[in-house]
Amino acid sequence: MGEQVVLGVFAIAIGMAVGIVLFVPFVAISYRRRGRLSFGRTMLWLAALIYFWAIWTYTLLPLPDPDAIRCVGAIIDPMSVVHDLQRAFASPQPLRHPAFLQLAFNVLLFLPLGTFVRVLAGRGVVVALLAGLGLSLLVETTQLTGVWGLYPCAYRFFDVGDLMTNTIGAVVGCTLALVVPRALRGSRAAADADQPRAVTRGRRALAMLCDGLAYFFVSAVVAVTVQLWLAYVVDDRAAVLDGAASELVSTVAASGLWLVLILVTGRSVGDVAVQLRYTGSRLPMMLARLLRWAGGIGGIGALALLGFPFDLISSVLYPVAVVLLFTTRRGRGLPGLLSGQDVEDARERQASAPAASA
């Protein structure tokens, strides 16, 4: 039981990590397909990620010691399912018989897959059947090949019965998902996806979160690249351990990228993700955009590079930016205060263009 709990926690951790990595593009797609970010669909997609990893952790992990495995064959008789059921119902307590419980678990394990096919992808029973069969076949083949050659032989059974019951589970899940209202199913673009919506502080907070995550990932990728270059190309172990070079280059790269984006488009990664735009200001456009960058994560991050006391000011500005999010008009925050700009839905101009031309 304890091992199953550990595997469950492991699947949740990996699913959450992958979800964080994919969060910014997910937000951007959601705002363009549905005009907003739905909490329910976000949680459902996160559940799908966790489910995907749970399938692999529960069917393959823990990986055994190669010297302790026992090679097994394959069960290719499709009637094995019927025989298992016959054995179960011939026992005094059929619903507690191991054979019945195994079959029930195989069906239940793939119920969520069918639900995701119906609700998230908007597909029907045929696609659910193919998805269930395909995923189950991939799992069973992985077991048959000893995790694709990692082990000299299969240590878990390839079972045609599992293919059948897994596929049935996916079909049943897809059928049960018909109770979900049609309007909430599928990935079709909403009819009003391109219509402007109110700029709320929650939406601005989401933009800040997207900026923070994207900035972190860009910095991390550059930092790792620099560390690898120092370790394997320059062979400077002292520089690798010091980390100052990778920190400098990664911060300059990330802050520079945000500077270019804002100067060219007037929008940060977070603004683009949630369809926001800073407009107005009595200042010249390029100066306003420069100040808008200075008040965002790019400028605050770059400020720390100037050393004391600017690194301390940079640390203080992060919580100040959060406070200003909730105390300024429509959450325009520090970027809006410095640049004199206001924040609006980026789709407002698109929506007003046809009316103006008419």
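Which residue of strand 4 does arginine 277 stand opposite? Arginine 277 faces glutamate 344. The model is predicted: local features need pLDDT of at least 70, side-chain atom pairs count only at pLDDT 80 or more, and totals for chains, interfaces and linings use all residues. Residues are numbered from 1 along each chain as its sequence is written, and side-chain values use heavy atoms, with hydrogens and water left out.

Strand 3 (residues 276-279) and strand 4 (residues 342-345) run antiparallel and are joined by 4 bridges; pairing requires at least two bridges found by DSSP. In a regular strand the side chains alternate between the two faces of the sheet. Both faces of strand 3 are covered, with Leu276 and Tyr278 buried on one side and Arg277 and Thr279 buried on the other. Buried means under 20% relative accessible area (1.4 Å probe, protein chains only).

Two packed helices are described by the angle between their axes and the distance between the axes. Helix 2 (residues 39-60) and helix 5 (residues 125-144) cross at roughly 30°, and their axes come within 11 Å. The two are therefore roughly parallel, a term for angles under 35 degrees. Their contact (heavy atoms within 4.5 Å) involves Ile55, Trp56, Thr59 and Leu60 of helix 2 and Leu135, Leu138, Val139, Thr142 and Gln143 of helix 5. These residues divide into 6 nonpolar, 3 polar and no charged.

Helix 4 (residues 98-119) packs against helix 7 (residues 160-176) at about 45°, with the axes 6 Å apart. Residues in this contact include Phe110 and Arg118 of helix 4 and Asp162 and Gly169 of helix 7.

Key. Axes are lines fitted to C-alpha atoms, for helices over the stretch in contact, and angles run from 0 to 180 degrees between N-to-C directions. Angles under 35 degrees count as roughly parallel, over 145 as roughly antiparallel, 65 to 115 as roughly perpendicular and the rest as oblique. Ala, Val, Leu, Ile, Met, Phe, Trp, Tyr, Cys and Pro count as nonpolar, Asp, Glu, Lys and Arg as charged, and the others, Gly among them, as polar. Buried means under 20% relative accessible area, exposed over 50%, partly exposed in between (1.4 Å probe, protein chains only).
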